[in-house]
Amino acid sequence: MSRSQSMRIILVHGSCHGAWCWYKVVAILKNQGYEVTAIDLAACGADPRRLPEDVTNFDDYSQPLIELISKVPDVEKIILVGHMFGGISLALAMDKFPEKIAVAVFVSAMMPDTNHPPSYIFDQHFERSPETYKDVEFKEVIIPGSTNALHITCLDPKFLATSLYQNCTFEDLTLASMMMRPTSLFHEELSKKSAFSKEGYGSVDKIYIVCGDDASISADFQRWMIQNNPVREVMEISGADDMAMLSKPKELCQCIAGIVDKYAK
């Protein structure tokens with residue numbers, strides 16, 4: 001594993017999830033000798049903060065990732081792997097630390113471009129697949145001490161079973177149902193932000209892993225995002241639902257290991 005000794009893999013979860021959802025991938029990659037870290041974003045997983053009491057904006061939400069990357073020594077290169085909404089946090093980190101990131105891997109993740117506000121990718125998804133979120137409830141919650149509000153959701157067991165975990169084991173679906181936490185897409189805030197920069201985010205190599213059986217972010221929409229913002233390489237895991245790290249962990253680890261070895265040369 002000498003070629004990958006200077007490479008660090010950081011895994012970033014999606015909405016309502018936490019570092020826990022990567023447990024199979026972490027175990028496989030560590031057993032193969034890779035240095036890998038799965039993190040909890042703010043108010044996610046085991047992170048003690050809460051929405052909206054402690055986390056009121058997207059930068060707060062992504063702060064654990066930004067802090068972790070800032071502490072990685074310059075002699076190490078990072079492979080960022082993001083899932084679902086985690087793709088937007090990846091883009092933020094790439095914009096801030098393009099020199100530290102060897103490659104960013106989007107696993108059925110929202111992948112913004114450098115021409116539109118970050119919210120554009122969600123607007124397109126809602127417009128093209130409105131039925132996906134018809135049963136997802138968003139509640140408007142006032143931020144304490146402010147007149148501003150956040151739209152917060154928590155994915156319920158039915159949505160998990162039909163749209164995210166349909167190819168996973170019942171045990172993993174049960175775990176997810178117990179571990180879900182409320183989150184926000186910070187849509188209004190992201191709609192007012194400038195596009196991620198060509199010099200930062202746009203300069204980092206990107207790889208997209210298409211999950212063929214994703215019932216939430218369809219394979220067609222994943223390919224549309226790739227056309228909208230071309231990447232260096234496209235991989236596909238057939239039979240993977242949205243939660244490829246749980247339904248197809250060996251296949252996903254093969255993809256990640258191949259990427260690490262390629263970029264460690």
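Trainee: What volume does the largest cavity have?
Mentor: About 200 Å³. A cavity here is a set of points on a 1 Å grid over the protein atoms alone, where a 1.4 Å probe fits but cannot get out. Points are joined across faces, edges and corners, and the volume is the space filled by probe spheres set on them.

Trainee: What are the ground rules?
Mentor: This is a predicted model: local features need pLDDT of at least 70, side-chain atom pairs count only at pLDDT 80 or more, and totals for chains, interfaces and linings use all residues. Residues are numbered from 1 along each chain as its sequence is written, and side-chain values use heavy atoms, with hydrogens and water left out.

Trainee: How many cavities of 30 Å³ or more are there?
Mentor: One.

Trainee: Which residues lie nearest the centre of the largest cavity?
Mentor: Ser15, Met84, Tyr133, Leu185 and Ser216, out of 16 lining residues. Lining means having an atom within 4 Å of a point.

Trainee: And by class, what is that lining?
Mentor: It has 12 nonpolar, four polar and no charged residues. Ala, Val, Leu, Ile, Met, Phe, Trp, Tyr, Cys and Pro count as nonpolar, Asp, Glu, Lys and Arg as charged, and the others, Gly among them, as polar.

Trainee: Switching to rings. How many aromatic pairs does a whole-structure search find?
Mentor: 10. Rings of Phe, Tyr and Trp (its six-membered ring) pair if their centres lie within 6.5 Å; planes under 30 degrees apart are stacked, over 60 edge-to-face, the rest tilted.

Trainee: Why is the Tyr61 and Phe85 pair tilted?
Mentor: Their planes sit at 40°, with ring centres 5.7 Å apart, so the pair counts as tilted. It links distant parts of the chain, 24 residues apart: Tyr61 is in helix 2 (residues 58–71), Phe85 in the loop between strand 3 (77–84) and helix 3 (86–96). Helices (H or I, at least four residues) and strands (E, at least two) are DSSP runs, numbered from the N terminus.

Trainee: Are Tyr61 and Phe85 buried or exposed?
Mentor: Both are buried, meaning under 20% relative accessible area with a 1.4 Å probe, protein chains only (exposed is over 50%, partly exposed in between).

Trainee: Which residues form one aromatic cluster?
Mentor: Phe58, Tyr61, Phe85, Phe122 and Phe186.

Trainee: What lies over the face of Tyr201?
Mentor: Lys206, at 4.5 Å from the ring centre. The test takes NZ of Lys or CZ of Arg within 6 Å of the ring centre and within 35 degrees of the ring normal. Tyr201 counts as buried, at 0% relative accessibility.

How values were computed: 1 Å grid on protein atoms, 1.4 Å probe; cavity = no way out; pocket = protein on both sides within 12 Å on 5 of 7 lines; lining within 4 Å.
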